[in-house]
Amino acid sequence: MKINLEKVISYINELYQCGARGDGTHSRVAYSKEDIKGRETFMGYFMALGLQPRVDEAGNIIIRMEGKDSSLPAIVMGSHLDTVPDGGRYDGVLGCVGGLCVCETLLENGYQLSHPIEVIVFTDEEGFRFGNGLLGSSAICGVNPMISEDDIDMYGETRSEVMKAYGINVSAVHKAKWKKDSVHCFLELHIEQGASLYKKGTSIGIVSSIAGVSRYEVVIHGEANHSGSTVMSDRKDALVAAADFISQVPRIVAEYGNEFTVATVGTIKVSPNSVNVVPGMCTFNLEIRDQEDEIISLIESKLIEYLKSVCEGAVNSYDFRKISYHEPAPMSSWVKGEIESVVKDLEFDYEIVPSGAFHDSLVMTERFKTGMIFVPSVKGISHSRDEFTHEKDIEKGCQVLLNTVLEIDKKIIN
Ligand code: GLV
Ligand code: MN
Ligand code: MN
């Protein structure tokens, strides 16, 4: 059975339009009207195949295709449709479309698996608006998503308002949890988002493990004052303190981390944000990632130590609050082995690679047998409008996904 590349590409391009803007950018951030449009478009593809999607208490979209034995656990595939602002065409979309393409190919060939298939679109993987993503997968796995009705997003709206408008009741999110024995395995096809496959010219990556990620909100409290009449020695400038701290993040990572350790400050807000006022308050998000838990903790403690030294005497105080944490996670060795034997049978070149980006698989692997298939990102660029993956690699990735499903269907585990 061969997947239909033309259809896969047309789905990807059509979903891209649900978020494409006249200025050449593309954004489908979680809970936006573009996100809703993308979800509806995606559900429409399944309805055209005669499959009815359902939406669970966490907003995850789930489509089930029955197998010969509906009492067997499901083979689950999927990813996310939300993007970062000005994001790319493939991140998340490929895994959702990959699941769709597997269902469509099986239906077109009149082939029914023994196991049921479920395709899932997870809610708010990226975490752009509230800072802590992986919401839908956390709910499915019964992992605390660290959310509260009163969380405030970057536009000043509360989580309860935002999610209610999207059809989610924050207090009911935990009800989306799945039973452990309801899943045969979970498979996520994704672009690599790094450059290791691209640099080697390899088409397929089999993910060994996903880096852990810890996110924080840091607030520096200085003193707002007149920029013309406050002499330099009298200032408590929150932005200057923040700038000093941020500029040293790379040094601290280089000193205490390893080749996989990364730390980023990706947002910043200055208050009152006026050209003639010494900044009174500065708020930013910090993120630390690594393949080892201990390294994340070490970098966290070194950064707090440095923040403390920067703030002492220079400003009034600071707050350092963890807003989400996911420990590094290995993929299932059984699923990895199944993918590897499929790739070998297909005679595709492949590498075993760690993932620096996180994915819903990071959470899913805590509860279900999980594996990820990567395809190369040209020049390793992602979370950018320049994200690109060649069609020949997309075709191979989808084919590996389909063949893995067919192989795994033959296995009864647990
Ligand atoms: C998700 O794409 C992440 O790694 O931030
Ligand atoms: Mn992403
Ligand atoms: Mn992604």
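These legends describe close-up views of aromatic and charge-over-ring contacts in a predicted model. Local features need pLDDT of at least 70, side-chain atom pairs count only at pLDDT 80 or more, and totals for chains, interfaces and linings use all residues. Side-chain values use heavy atoms, with hydrogens and water left out, and residues are numbered from 1 along each chain as its sequence is written.

**View 1. The pair of Tyr31 and Tyr166.** The structure holds 10 aromatic pairs, a pair being two rings of Phe, Tyr or Trp (its six-membered ring) with centres within 6.5 Å, stacked if the planes are under 30 degrees apart, edge-to-face if over 60 and tilted for the rest. The centres of Tyr31 and Tyr166 are 4.8 Å apart and their planes stand at 85 degrees, so this pair is edge-to-face. Because Tyr31 lies in the loop between helix 1 (5-17) and helix 2 (33-48) and Tyr166 in helix 5 (residues 159-166), the pair ties together parts 135 residues apart in sequence; helices are DSSP runs of H or I with at least four residues, strands runs of E with at least two, both numbered from the N terminus. Both Tyr31 and Tyr166 are buried (under 20% relative accessible area, with exposed over 50% and partly exposed in between; 1.4 Å probe, protein chains only).

**View 2. The pair of Tyr90 and Phe388.** This edge-to-face pair has 6.2 Å from centre to centre and 80 degrees between the planes. Tyr90 is buried at a relative accessible area of 7%, whereas Phe388 is partly exposed at 35%.

**View 3. Arginine over aromatic rings.** The charged end of Arg159 sits over the ring of Phe130, 4.1 Å from its centre, the criterion being NZ of Lys or CZ of Arg within 6 Å of the ring centre and within 35 degrees of the ring normal. Arg251 lies over the face of Tyr306, 5.6 Å from the ring centre.

How values were computed
Chains are lettered from A and ligands numbered from 1 in the order in which they are written.
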